[in-house]
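I would ask you to look at the model on the screen while I take you through a few of its details.

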Amino acid sequence: MLQDNHTINAAGHFCVGGVDAVTLAQTYGTPLYVMDEAVLRAKMRVCADAMTKYLPAGGMPLFASKALCCKEMYRIAGSEGLGADVVSGGELYTALAAGFPAEKLCFHGSAKTMDELRFAVSAGVGLIAVDNDEELQNLSRAAGEAGRTQRVLLRVTPGIDPHTFAAVNTGMVDSKFGVAIETGQAMEFTRAALETPHIALAGFHCHIGSQIAESKPFTDAADIMTAFMDEVRTECGYTAGILNLGGGLAVPYVAGDPDPDYDALIREVAEHLTARCAALHYPAPYVLMEPGRGIVGAAGVTLYTVQSVKTITGYKSYIAIDGGMTDDPRYALYGSQYTVLIADRAGEPKDFTADVAGRCCESGDLIGENMPIQTPRAGDTLAVLVTGAYNYSMASNYNRVPRPPIVMLRDGVPRVVVRRETYEDLVAWPGGCTRFTARSDAFSEKIFDFFGFSS
């Protein structure tokens, strides 16, 4: 099994967090996202404790909301003392609706709208990571309108290839994110921020990519960022108090994938950064990191029901399931690998090879190709492991398929934290114009009024 919380019970059924996956599928239906809260909390604590222990000026993980955004995730992250980063008005709204403290939020994104900037400023978001010059001016305007000064990080690109696949590489000079250090534009960006009204520069942000399994890409980024910060100190007389090194901690999806020790990785980064600052006589900054996948990825399993098994003689076999790219588009998007098994007979050998095919009318709707699995039968429960990150958050209603629920496990007890969508939900908005007929709380009333919605 890929994770310690993956086991097989006496009936030969696959279990996650000690709970029988076949029983979960029968109780809640499929497709079904299952999350193990114990794994979530353990990952959060490892990251938070390591940053507290090893960084001389302290630090804090920010849960990367894009990996899995729902109210329960913010409640758990908040109870563990984490901050969170959000990348849209929708993620910000969800965090605030869950009662997450706005001052512990960092708002990212490369194309924030004026409405989103105004929303963030009015909500009291602690930090906004500014991506470009136009956004800096828009934010200044939004903060001025609100009569506030907004603390910001400037997103800069260090020009590092973390040697992950291209779709998740974000730190190169020609990235769509941030402003390049190498071209001199980041220094110009910094000067502009220091002179812009209603803006208080708090530090700098970089993010180099995802699925990073070793410390070296982070220490390389730390070298470039501290050198840049020292240059800013010399040329602008400004000493940054915060350095956000981004996220991208890897999780293993298939046997043989790296499974990094997050405590050791963070310690190596912290020791390197501390030594680098000492060599430059630069005050150690408060450090932020953004583990998203690293916190939620391994905690998740997705369950499906096998609809049919089709073998094309001399070619290949297909296992058709009742979900697919609508609830997990990662293979269709960039060929992500997964481990699958038949939960009903998890202890049996994987003696069958097939493409696991989704229900959408697209040839590319696959969970994977040539996947080893136990011999399947229609009606079996098929489990896809390590699906906590970028599955629910990327889900869609393509082909008008309702999105699955999320069931969270705590001490062996399941609870629904996101309900299954219904056909009625699909036509409620647009088409039914019923979305804003019920305002359940004062928070919703305030936000609806801010955006000018009326019932």
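I shall discuss a sheet, a threonine in a loop, and finally some aromatic rings. Please keep in mind throughout that this is a predicted model.

Let us begin with the sheet. It is open, it has 3 strands in the order β1-β2-β3, and the pairing is antiparallel. If you look across from C15, you will find D20 of β3 opposite.

I now turn to the threonine. T196 belongs to the loop that lies between α7, residues 185-195, and β11, residues 199-205. Is T196 buried or exposed? Its relative accessibility is 8%, and buried means under 20%, so T196 counts as buried. A polar atom of the T196 side chain lies 2.5 Å from the backbone oxygen of A192. If we set aside neighbours within four places in sequence, T196 is in contact with L136, Q137 and S140.

My last topic is the aromatic rings. How many aromatic pairs does a search of the whole structure find? The search finds 5. One of them is formed by F204 and F228, with 5.2 Å centre to centre and 80 degrees between the planes, an edge-to-face arrangement. F204 is in strand β11 and F228 is in helix α8, residues 216-236, so this pair ties together parts that are 24 residues apart in sequence. Both of these phenylalanines are buried.

F204 also pairs with Y238. Here the ring centres are 6.4 Å apart and the planes stand at 70 degrees; because an angle over 60 counts as edge-to-face, this pair is edge-to-face. The pair joins distant parts of the chain, 34 residues apart: F204 in strand β11, and Y238 in the loop between α8 and β12, residues 242-247. Both F204 and Y238 are buried. Taken together, F204, F228 and Y238 make up one aromatic cluster.

One further ring deserves a mention. The charged end of K112 sits over the ring of F107, at 5.7 Å from the ring's centre.

Thank you for your attention.

Key: Residues numbered from 1 in each chain as written. Heavy atoms only, no water. Pairing = 2+ DSSP bridges. Helix = DSSP H or I, 4+ residues; strand = E, 2+ residues; numbered from the N terminus. Buried < 20%, exposed > 50% of the residue type's maximum accessible area, 1.4 Å probe, protein only. Polar contact = N/O pair within 3.5 Å; in protein donor to acceptor, adjacent residues only side chain to side chain. Contact = heavy atoms within 4.5 Å. Phe/Tyr/Trp six-rings, centres within 6.5 Å; stacked < 30°, edge-to-face > 60°. Lys NZ or Arg CZ within 6 Å of the ring centre and 35° of its normal.
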